[in-house]
Structures are given as C-alpha cells and as structure tokens.
Amino acid sequence: MAARADDGVFDPEGVSWTRVSPRLATVRRVGSAIGTLVPLVPAVLLAVLLDRWWILLLWLPFAAVGVLRQVVIGRQVAAIGYAERDDDLLVRQGLLFRTLVVVPYGRMQYVDVTAGPVDRWAGIATVQLHTASAGTDASIPGLPPAEAERLRDRLASRGEARMAGL
Amino acid sequence: MTAAPPPGPGDVAEPDRPGAPDLGTPDPSTSDPSTSDPSTSDPGGPADPGGPADPPDDVAAAAATGVRDPEPAPEADGTWKRMHPVTPLVRGWAVLAVLLFFVVQQRGERAFSPGDGGGGDAFGRFQLLFTLGLVGVGALVVAAWAYVTWRFTRFRVGEEVVELRTGVLFRQHRRVRLDRLQAVDVVQPLVARLTGLSELKLEVAGGSGSDVSLAYLRSADAQRLRRTLLARAAGVQVDETGEAPEAPEREVLQVPVDRLLLSMLRSVWPVIGAVALVVLVVVVVVTGEPGIAFGLVPAALGVATGVWGAFSRGFGFRIAASPDGLRLRHGLTETRAQTVPPGRVQAVRLRQPLLWRGPDWWAMEMDVAGYAGGGADDAGKETVLLPVGTRAQAVEVLSLLLPDPGCEDPAGVLGAGLEGTGRTHGWVDAPRSARWLDPVAWRRRGYRTTGTALLVRSGRLVRQLDVVPHERTQSLGLEQGPLQRRLGLATVTAHATPGPVRPRAEHLAAPDAARLLAEQAARARAARSSAGPERWMEDLAAASRGAAGATGGTREGAAPDAGGTGPSPVEDARPDVVARPPAPGREDAP
C-alpha cells in the first residue's frame with residue numbers, strides 16, 4: 001500500500017484555520033516534564049537507600065518518552081486549529097490520530113470556558129462546546145483569555161440565532 | 001437541561017409554612033394553601049383527591065384570573081395535585097415483603113428446629129410476640145415515612161409546564177416545559193397493575209434522572225393526562241368540550257409470542273449455554289467432582305435473568321402509529337406504554353444477528369433523548385423499537401419514522417443497506433484497502449445519503465444499518481489514525497444523542513469521507529432550517545401523505561383517520577392548531 005499524498009481530508013475547502021497560542025506548548029511541556037521527573041524520585045530514593053546506582057537506569061525509558069514528547073508537543077499544538085464558518089465551528093486536533101469535528105452553532109447546548117492554575121499563569125484557557133450528544137468532543141485548548149471570551153460570546157450569540165431544538 | 005427550572009419567585013423549595021406543623025396530623029383534608037406557587041394565578045390549592053375539595057373556590061379562582069382552558073383533564077387544571085393515596089402502599093410493598101420474609105423465615109426455622117416441641121413453652125411464645133411486635137413497629141415506621149413522602153409529593157400540570165415537588169427534608173421543585181417533552185411513558189409494575197395504578201413518566205433530554213415521574217395515578221387518569229400533555233406539547237388547543245381527544249391510532253404490528261421465543265432461541269445465548277453445558281459435563285466427568293457445577297450457578301442465574309428480562313420486555317410487543325407519535329406497548333409483568341412524538345427519534349438501528357437470516361428477521365433500536373439518560377435499570381427497556389420482526393415490518397416502522405426516504409428507489413436503497421455490498425443503489429462503500437483493517441466486514445461498510453437521512457451499513461455476520469435523519473444530526477466527526485492514513489482511509493461519525501445507536505462510517509476512502517463530511521454539514525443545516533421541533537401537528541399531514549406515497553401504498557393508508565369514519569378528531573383539531581406566539585426564549589437553550 002503506497003501512502004497517498006495528504007489529500008486535504010482535514011482541510012475542507014475555503015477554511016482558514018486559526019491556530020492556538022504557542023503558550024499551550026509551554027504549559028504542556030512543563031506538565032510533561034513534571035510527569036517525567038516524578039518517577040525519578042522513587043528511583044533516586046531506592047538507589048540511595050539500597051546503594052544500587054543502577055536503579056537509576058530504570059528511569060531512562062521515562063526520560064526517553066519525556067524527551068520525545070518535548071519534541072512532539074510543539075507540533076501537536078501547531079496542529080490544533082479552529083475555524084468559525086457561517087453556520088458551524090470546525091475544530092481540528094491531532095498529528096498521529098487526527099480528528100476533525102463539525103459542530104453546527106444551532107446544536108450547541110452550552111459552552112464551557114475552563115482554566116487551571118498553570119493555564120492561568122500562562123494566560124490561556126480552554127473553550128469547550130457541548131451538544132446534546134456525548135460524542136461531540138469539540139474543545140479548543142490554548143486560547144488567550146480575551147479570545148476565549150470573545151469566542152464564547154460569539155458562539156453563544158450565533159447559537160441563539162440558529163437554535164433548533166434537538 | 002429543561003429540568004433545571006429558572007428560579008422564579010417562590011420556586012425555591014420554600015418550606016410549607018403551615019404545612020410543616022401539619023405534618024403529624026393524619027387528617028388528609030387539611031390542605032395548606034401556601035403550597036400553591038404565588039407566582040401563578042392559582043390562589044387556592046384544594047388538591048386532595050380524597051378530601052372534601054372545594055369546587056366553587058376553584059371555579060371562582062379560574063374565573064377571577066381569567067383562565068381560558070376549561071379543565072381538559074381533572075389532573076391538568078393547573079392546581080397542585082397529589083398522587084393516588086394508595087401510592088405509599090405500592091411503593092412500600094417491597095419493604096413489607098422483606099419484613100414478612102424474615103418473619104416467615106424465623107417461624108420456619110423454629111418449626112423445623114428439633115429443640116422446639118410445638119411452641120408450647122412460654123419462651124417461644126414470647127419470642128413470637130417480640131418478633132411480631134418488631135415487625136409491626138417496622139411496618140408502622142415504613143408506613144409513616146411513605147405517608148409523609150406521599151403528602152409532600154405534589155404535581156401541577158399547567159398550559160406549558162409540568163411541575164413536580166418532592167422531598168421531605170431536601171425539597172425539590174422541578175419544572176418541565178412541555179415543548180421540551182421527548183417522550184411520555186405509562187409504566188405499570190406488577191403491583192401497580194394489581195391495584196389499577198400507573199406511573200406516568202415524562203422524558204426530557206436532561207441526562208440521567210431528568211425525567212418527571214408521576215407515580216402513581218389511577219390508570220384511567222394517567223391515560224387522560226398523557227393525552228392532554230401530548231396535545232398541549234403538540235400545540236393543539238384543547239377545544240371547549242374539555243377533554244383532549246384521544247388521537248386516533250392505527251395498529252402497525254404485533255410481535256407474536258412464538259416468534260419472540262424463536263428469535264431468542266436463534267440468538268447466541270442457547271449456543272453459549274449448550275457449549276457451557278457440554279464443557280461442564282466433560283469437566284465434571286473428568287475430574288469427578290460435581291461441586292464444580294455449583295460454582296457456575298450464579299453465572300447461570302445471571303444469564304437466566306437476562307433472558308427472562310428480554311422475554312418479559314418483548315412480550316406482547318405492539319406498535320401503533322398515531323398523530324401524537326409512535327406508540328409502543330409491551331411487557332409481561334411490568335407493562336410499559338411509550339409514546340414517542342414525531343421527530344423525537346434521533347437515530348435508528350436495524351440489526352440482524354447471524355441466525356435470523358433464514359426467516360429474515362430484524363430487530364430495531366432507537367435513540368431518544370431522555371431514554372438513555374435513565375439509570376442502568378432502565379437500560380434496554382425503553383430503547384427497543386422492535387424486538388423482532390420481518391423485514392417488511394421493519395421497513396414499515398422505519399417508514400413511520402422517516403416518512404420521506406428522500407431517494408428514488410427506497411426499496412433498492414434499503415435492500416442494499418440491509419444486506420448488500422458494493423456500490424449499488426448509490427451506496428458508497430469502503431475501498432479495498434480497508435481489508436487490512438477490517439478483514440471480515442470491509443465489503444459491507446458503506447454509507448448512502450438520501451435527501452432526508454444518512455444511512456450507514458456495517459457488519460458481515462451481524463448485519464447493521466443505522467439511519468440518522470439529517471435534521472437530527474448533532475455534530476459530525478472525522479477521524480484518521482496512522483494506519484488509516486497510510487491506507488488512505490478515514491472514519492466519519494455522526495454524533496447522535498446518547499443511546500444504543502452510534503452511527504460510524506468506518507474506513508471510507510479519505511476523499512469520500514471528506515466529501516461526506518462537507519455535504520452532510522450542508523444537508524443537516526438545510527434540514528434543520530426547514531424543520532422545527534414544535535410543529536409536529538403540522539408536519540403530520542405532510543408526513544402521512546409522504547408515508548403513503550413512499551411505501552408504494554402497501555398499507556391501506558397511513559393517514560391518521562385511517563378508520564374512515566368521517567373526520568377524525570385530529571382533523572377537527574387542526575384548524576385550532578395554534579402557532580404559538582414566538583415568546584422570547586421559547587427556543588432558548590434548555
């Protein structure tokens with residue numbers, strides 16, 4: 001099976017994607033680094049207590065994954081995009097496993113804007129759209145707070161204008 | 001969603017001021033006027049069904065406040081009502097049964113114990129008295145609690161909302177808009193059936209536990225209330241005679257018991273059971289330890305319960321079509337009569353297990369917002385649209401839900417969807433490269449869009465066909481994993497409300513998938529703008545005409561007045577269909 005050229009499956013015609021803030025990459029890198037360093041603590045403790053230095057080697061796989069993620073996160077964040085069309089919102093995510101969700105404004109039931117402590121420190125927030133379907137996974141991470149609020153209000157007003165029951 | 005009422009004045013569960021001290025008095029006639037909501041035009045609440053209610057007061061109130069609707073059903077006159085007084089007994093019977101069980105068990109043990117010579121000694125008698133006393137006190141406590149709960153449960157049916165107040169310590173006041181009604185069920189558990197009572201369940205799309213359950217009402221009252229609610233939800237103004245007319249219904253099909261049994265025999269469970277039995281016998285013979293068999297008793301019991309449940313639920317399954325929706329009636333011990341208004345079915349799945357191929361039987365399931373949100377105990381009770389039926393029956397039921405198939409050759413398209421492969425009848429199938437990811441069923445995978453719905457077929461051994469009307473699509477998803485990307489494939493998902501049907505068109509050629517996504521978004525948009533959820537009485541006329549035309553007139557008419565006895569009540573009511581004023585916030589997010 002020859003790999004076909006990327007045929008623009010995830011790039012519908014006439015859609016200009018808006019990228020999310022690169023600060024999301026920073027936040028994710030910090031999180032990933034912390035996650036990578038956590039297993040080091042018991043490894044060091046055991047190595048010191050048992051006086052077996054090779055125990056530290058067990059941490060190497062974690063470190064390798066961590067380094068890989070540091071590299072990939074930048075591209076992953078760059079792959080996130082959203083586009084507001086006249087009647088629907090498009091959200092695109094993922095590098096390896098790519099997803100594209102099309103949510104009509106009229107289907108929107110509510111919008112969430114969330115930001116954790118690290119997000120707030122970095123000045124980003126996540127906007128998530130909910131429809132009556134549990135399958136709709138339309139969340140846009142890494143938006144600057146002003147943009148998140150603008151998007152929220154805009155989605156809400158558009159949803160009102162195009163509301164259809166269920 | 002709808003279940004969260006906007007806090008109006010007095011909506012917050014205010015304690016019943018004179019009602020609270022009145023708690024202990026067993027006189028049911030002391031109705032407390034403070035429970036009536038001050039925000040509405042209802043000054044008095046003489047709501048006791050059994051007590052000496054005060055009709056003149058009520059009429060005066062109605063006249064004074066200019067209530068136009070002349071009490072279509074006694075339950076729906078906008079005053080606070082209580083459930084039927086027998087409710088506590090029906091609800092508490094389980095507790096009483098458990099208590100009785102303990103007594104019987106104790107007596108039984110004593111009778112069989114060798115030391116007790118016939119109960120002649122004083123100690124035995126004392127023990128018996130003690131037990132009986134304990135049971136009596138327990139029964140009293142249970143009865144008191146049930147009574148208090150019953151006293152505090154009230155409901156009110158207004159023009160546009162249904163309200164339910166429950167709770168003794170933690171009060172709840174739930175208000176449901178009738179135009180958000182997704183389905184109405186009349187449920188009769190066994191005990192309620194014996195006492196002639198029914199539970200009326202109003203389903204709204206609010207996720208788990210969002211339904212309004214009016215339990216229990218007299219069966220006739222429940223039926224009348226269901227009628228009134230559906231008429232009001234449909235926007236039919238009830239005429240001056242008071243009663244909401246029973247919408248005429250036309251029986252579509254019945255599932256015979258023998259077919260239900262045969263269909264269950266043809267499922268995988270008998271095969272699994274037989275294999276398990278053989279394995280068990282072999283194991284017992286080889287090891288020589290029959291004790292192993294007892295280890296499997298729980299599993300066998302579980303399977304038996306499941307099989308019995310399926311049989312009991314599918315027993316006497318009947319489908320009828322009526323203007324206010326599809327009516328499903330079924331159940332052996334617990335009967336359930338469901339009414340799903342038109343346009344409330346979000347998606348349908350037709351399914352044919354391997355062994356049903358000979359007689360060409362099909363089962364159908366549906367997504368209805370509100371049904372799947374119920375607890376686990378309700379799973380499978382409400383979402384079955386047809387437990388087993390012939391292909392013609394399945395197609396007929398489908399045509400009721402989707403009166404206009406929106407394509408040239410509906411029979412051919414459906415046939416290809418049910419058992420076909422390849423690109424016949426406008427179907428778009430998965431490309432050959434999909435065989436690496438789905439070696440068995442890749443030939444079956446495919447989709448077909450018609451003017452009104454998206455059809456997705458799948459399954460080689462267990463054939464499946466999912467049907468989603470365009471205007472019911474919530475959102476669309478496109479997915480592609482690394483392998484799919486290498487093979488030039490992609491998966492399209494149509495997101496429906498939670499339920500058993502989750503349409504996924506897997507492993508399509510990537511350009512096909514992209515095109516489907518783009519076209520489907522446009523089609524769903526167009527379909528939504530032309531269909532409103534509240535106008536189902538208007539849709540009805542067009543729908544029934546479409547159905548008659550679509551199925552080639554195999555039925556002697558799908559029009560609501562199929563009985564042919566003059567104009568039906570609905571036809572009469574149609575001029576009265578009130579296009580409700582576009583109140584602000586009518587369509588707002590629930």
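At what angle do helix α10 and helix α11 of chain B pack? Keep that in mind while we look at the chain as a whole. The model is predicted.

Chain B has 590 residues, and 48% of them count as buried. It contains 15 helices and 21 strands. Take the contacts in chain B with a separation of 6 or more: residues 24 or more positions apart account for 62% of these. Chain B exposes about 26800 Å². Carbon and sulfur atoms supply 64% of that area.

Back to the two helices. Helix α10 of chain B covers residues 391-401, and helix α11 of chain B covers residues 410-419. They pack at an angle of about 115 degrees. Their axes are 12 Å apart. The crossing of α10(B) past α11(B) is right-handed. From α10(B), the contact uses B:Arg391, B:Val395 and B:Leu398. From α11(B), it uses B:Leu414, B:Gly415, B:Leu418 and B:Glu419. Four of the residues in this contact are nonpolar, one is polar and two are charged. Look at the numbering of those residues with one rule in mind. An α-helix has 3.6 residues a turn, so residues three or four places apart point the same way.

How much of α11(B) is covered? Seven of its ten residues are buried, so α11(B) is mostly covered, given that buried means under 20% relative accessible area. The buried residues run through B:Gly412, B:Val413, B:Leu414, B:Gly415, B:Ala416, B:Gly417 and B:Leu418. What do they pack against? Their partners in chain B are α10 and the strands β12 (345-352), β13 (361-368), β16 (446-449), β17 (453-458) and β18 (463-469).

Next, the backbone. Most residues other than glycine have a negative phi, and most peptide bonds are trans. Some places in this model depart from that pattern. The peptide bond from B:Ala215 to B:Tyr216 is cis, with omega near -5 degrees. B:Tyr216 belongs to strand β7 of chain B, residues 212-218.

B:His425 is not a glycine, yet its phi is positive, about 55 degrees. B:His425 sits in the loop between α11 and β15 (428-429) of chain B. This residue is partly exposed, with a relative accessible area of 39%.

A:Asp51 has a positive phi, near 60 degrees, and is a residue other than glycine. A:Asp51 is placed in the loop between α2 (40-50) and α3 (60-79) of chain A. Is A:Asp51 buried or exposed? A:Asp51 is exposed, with a relative accessible area of 63%.

Definitions and conventions: Residues are numbered from 1 along each chain as its sequence is written. Chains are lettered from A and ligands numbered from 1 in the order in which they are written. This is a predicted model: local features need pLDDT of at least 70, side-chain atom pairs count only at pLDDT 80 or more; totals for chains, interfaces and linings use all residues. Side-chain values use heavy atoms; hydrogens and water are left out. Helices (H or I, at least four residues) and strands (E, at least two) are DSSP runs, numbered from the N terminus. Buried means under 20% relative accessible area, exposed over 50%, partly exposed in between (1.4 Å probe, protein chains only). Contact means heavy atoms within 4.5 Å. Accessible areas come from the Shrake-Rupley method with a 1.4 Å probe; for residues, only the protein chains shown count as cover. Axes are lines fitted to C-alpha atoms, for helices over the stretch in contact, and angles run from 0 to 180 degrees between N-to-C directions. A crossing is left-handed if the near helix is turned anticlockwise from the far one by less than a right angle, and right-handed if clockwise. Ala, Val, Leu, Ile, Met, Phe, Trp, Tyr, Cys and Pro count as nonpolar, Asp, Glu, Lys and Arg as charged, and the others, Gly among them, as polar.
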